[in-house]
Amino acid sequence: MADCEFEITADLVRELLREQHPDLAGLAVREVAGGWGNQMWRLGNDLAVRMQRMDPTPELLLKERRWLPVLAPRLPLPVPVPVRSGEPSARFPKHWTVMTWVPGTPLDLSPVTRGAHAADVLADFLGALHVPAPANAPASSDRGGHPKECGDGFERFFDAVAPEGDMDAVRAVWDDAVAAPGWEGPPLWVHGDLHPANAVGAGGTLTGVVDFDTLFAGDPAWDLTAAWVLLPAGGAGRFFDAYARADRATVRRARGLAVLQSLFLMLMGRNGDRGLPGGKPAWGPAGRAALDRVLKDAAP
């Protein structure tokens, strides 16, 4: 997937605002580190500009525009809410969105330390999000299925970064998830990508969730991975007690998917250490810590 051929700079963001939303053009523009498919720029104190970058089509960004205003009012944590739309133009032939800014530090840079509090906050958030989705809710093209449908990805990540001393344990968790019964309930709203760079915190706990471009209707196990991926050791049990709606099969699928996500984070971290495109150095330690928690804390 090629990077955007247009360099996205603060000057470009200001020019686009002057053209399409001149009342916002006088606000300070500051680049936000990170991002992959989209690049973020802080706009003043309360807003952000989300610029389509590597995503080849606008569907993911347009999905956020469509559904975040519907979901945000009933979610107990701040999430980014679109407030203005930026359309393709001669200066920048891709979509962009002005959204509310969610304050906090990404959890890959500042992990949760108040585990019990964060577990309760996460359970409240996912309990509010995980409700039956309408018939026109988006489906997922690359995630959301049963773990047995993700075998190729698991094998690729496993071969690349699985720690030698834990390989048998990692495969055992994955095999158990593959053997677990599938989701039999109605499709629920699912964030779909709750890794540490997509959640923010302050004061040692979880304070917000960002990056909803993978939002879909389906199996909540894809979000329940956060019990291990976001929370510190021992947090999974507290989380599942508070969430109180995951049956044993769902926990088994979630634990396997948490292994998959941990290995992915470790691979992206290794790529970052090697200076490879798309690599994220901070994700490696976060992924390894998450994998350790999955292997040691089986939850209920």
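Me: Why is Trp228 called buried in this predicted model?
Reply: Buried means under 20% relative accessible area. Trp228 has 0% relative accessibility, so it counts as buried.

Me: What makes Phe240 count as buried or exposed?
Reply: The value for Phe240 is 5% relative accessibility, so this residue is buried; the cut-off is under 20%.

Me: How do you know that Phe154 and Trp174 form a stacked pair?
Reply: Rings pair if their centres lie within 6.5 Å, and planes under 30 degrees apart count as stacked. For Phe154 and Trp174 the values are 4.6 Å centre to centre and 5° between the planes. Phe154 is in helix α4 and Trp174 in helix α5, 20 residues apart, and the pair links distant parts of the chain. Both residues are buried.

Me: Why is the pair of Trp228 and Phe240 called tilted?
Reply: The ring centres of Trp228 and Phe240 are 5.5 Å apart and the planes stand at 50°, so the pair is tilted. Stacked would need planes under 30 degrees apart, and edge-to-face over 60. Trp228 lies in helix α7 and Phe240 in helix α8, so the pair ties together parts that are 12 residues apart in sequence. Trp228 and Phe240 also belong to one aromatic cluster with Phe239 and Tyr243. A search of the whole structure finds 8 aromatic pairs.

Me: Which ring has Arg171 over its face, and at what distance?
Reply: Arg171 lies over the face of Phe158, at 4.4 Å from the ring centre. The distance cut-off for a charge over a ring is within 6 Å. Tyr243 has Arg245 over its face, at 5.2 Å from the ring centre.

Me: What makes α5 oblique to α9?
Reply: The two helices pack at an angle of about 135°, with their axes 7 Å apart. Roughly perpendicular covers 65 to 115 degrees and roughly antiparallel is over 145, so α5 is oblique to α9. The crossing of α5 past α9 is left-handed. Residues that meet there include Val170, Val173 and Trp174 in α5, and Leu257, Leu260 and Leu263 in α9.

Me: Is Asp211 buried or exposed, and why?
Reply: With 19% relative accessibility, Asp211 counts as buried, because the limit is under 20%. Asp211 sits in the loop between β9 and β10. It has a positive phi of about 60° although it is not a glycine.

Me: Why is Ala244 called exposed?
Reply: Exposed means over 50%, and Ala244 has 61% relative accessibility, so it counts as exposed. Ala244 is in the loop between α8 and α9, and its phi is positive, near 60°.

Notes:
Residues numbered from 1 in each chain as written. Predicted model: local features only at pLDDT ≥ 70, side-chain atom pairs only at ≥ 80, totals over all residues. Heavy atoms only, no water. Phe/Tyr/Trp six-rings, centres within 6.5 Å; stacked < 30°, edge-to-face > 60°. Helix = DSSP H or I, 4+ residues; strand = E, 2+ residues; numbered from the N terminus. Buried < 20%, exposed > 50% of the residue type's maximum accessible area, 1.4 Å probe, protein only. Lys NZ or Arg CZ within 6 Å of the ring centre and 35° of its normal. Axes fitted to C-alpha atoms, helices over the stretch in contact; angles between N-to-C directions. Parallel < 35°, antiparallel > 145°, perpendicular 65-115°, else oblique. Left-handed = near helix turned anticlockwise from the far one by under 90°. Contact = heavy atoms within 4.5 Å.
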